[in-house]
Amino acid sequence: MKKALSIVLLVSLLISAMTFPAAADVDATSWATPATQETPTTTPKAPTAPAPANTAVTTSVPSGDVYTVVSGDVFWKIAAKFNMTIDELAKLNPQVKNISLIYVGDKLFVKAGATVPVATTAATPAPAAATERKLYHGFGESANYRIRGEQKDNLNITTASVIFDQDGRIVDLTWDVMEITYALFPGWVDPAADQATKDAFVASIDDVWETKREEGYAYDMTHLISKGAADNLTKKEWFEQLDYYESFFKGMTVAEVVAWNKKYTDANGRPYKMAYTEKLTDADKAVTATFTAEEAAMLVDVTTSATMALEDPHSHFITALVEAYEAREEIK
């Protein structure tokens, strides 16, 4: 049987047999993460005399060319504030390796040619006590049976493997789904059958049972293969849309992801299609009319890359994410 399926099912059994610590309260007050330092290997000596105050030396920079991240900021909000797209802001700031992980006090270029102010000191004061960064891993799983009739029913097993920091923010996220259709489930082999029969059964489903990620473009959510042309709005395949969501939610807490999904998705669980306003229903228009210009710009950016739901009969991504948080354990 496909190695990935064995891993999914084995982990499922292990998860159900373990007892995990209760989830801590989740802080949803800020999307900009406070900066942390690694613990130094040696303790620096205190200076023999008080260090002089910093003497700031700055280049001449027009007001607004450099922006300082404050509590509550997220990358898309900053881009909208300066009438830029996320890609434009990211290109101006190659020093930001992950746009979902920005920190209070970070300096971002918001105009080409800007220079970040540089501070110098006559002497270096002793550094403040460093805070050790802790990481946690959690695995969540949610299975749901989708009834469609005419031998089209399927069982969907959604998984979430997540790394959290000590503040409960997502550092890394991987979602996947094992979709078991009627055609992929020929029935269980008789336990009393001889070994040759059992081996033949396993061979019949090996390399057939794959997760949606493993299927890649062959999953064909865009119908590019079956119809010769991609017919969904984004023209993105299933795994490409999921890749976008995983990147977008980095830096958020689980509570913030849940709140985002509740606020910015329609009756079908899909994000409001602000990049395709002709697709908005009257009910959608009534809701989106209340959004700020920054929120509308964020949804334009999101829906050019991903429009599929994160919690519907196809899959339970949000539920699996919550379970991963509740099951998290510190990485030693």
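Helices H8 (254-263) and H11 (317-326) are roughly antiparallel to each other, because their axes cross at an angle over 145 degrees. In this predicted model, the axes come within 10 Å and cross at roughly 165 degrees. Axes here are lines fitted to C-alpha atoms, for helices over the stretch in contact, with angles from 0 to 180 degrees between N-to-C directions. The crossing is left-handed, meaning that the near helix is turned anticlockwise from the far one by less than a right angle.

Val254, Val257, Val258 and Asn261 of H8 meet Ile318, Leu321, Val322 and Tyr325 of H11, where contact means heavy atoms within 4.5 Å. By class, seven of these residues are nonpolar, one is polar and none is charged.

The chain has 11 helices and 10 strands. These are DSSP runs numbered from the N terminus, with at least four residues for helices (H or I) and at least two for strands (E). Of its 332 residues, 38% count as buried, that is, under 20% relative accessible area with a 1.4 Å probe and protein chains only. Residues 24 or more positions apart account for 69% of the contacts with a separation of 6 or more.

The largest nonpolar core has 51 residues, and Trp175, Phe248 and Phe249 have the most contacts inside it. Such a core is a set of buried Ala, Val, Leu, Ile, Met, Phe, Trp, Tyr and Cys residues joined through side-chain atoms within 4.5 Å. Among the elements that give it two or more residues are H8, H11, strand E6 (154-165) and strand E7 (170-181). Another core, of six residues, lies apart from it and includes Ile157, Met178, Ile180 and Trp209.

| Residue | Contacts |
|---|---|
| Phe248 | Trp76, Ser100, Trp260, Met298, Val302 |
| Asp153 | Tyr145, Arg146, Ile147, Arg148, Ile180, Thr181, Tyr182 |
| Lys273 | Leu233, Asp266, Lys279, Leu280, Thr303 |

Asp153 lies in the loop between strand E5 (135-146) and E6. Its C-alpha atom is separated by 6.4 Å from that of Thr181, 28 residues apart along the chain. Lys273 is in the loop between H8 and helix H9 (282-288). Lys273 is buried, with a relative accessible area of 16%.

Residues are numbered from 1 along each chain as its sequence is written, and side-chain values use heavy atoms, without hydrogens and water. Local features need pLDDT of at least 70 and side-chain atom pairs count only at pLDDT 80 or more, while totals for chains, interfaces and linings use all residues.

Notes:
Buried means under 20% relative accessible area, exposed over 50%, partly exposed in between (1.4 Å probe, protein chains only). Angles under 35 degrees count as roughly parallel, over 145 as roughly antiparallel, 65 to 115 as roughly perpendicular and the rest as oblique. Ala, Val, Leu, Ile, Met, Phe, Trp, Tyr, Cys and Pro count as nonpolar, Asp, Glu, Lys and Arg as charged, and the others, Gly among them, as polar. Lists of a residue's contacts leave out its neighbours within four places in sequence.
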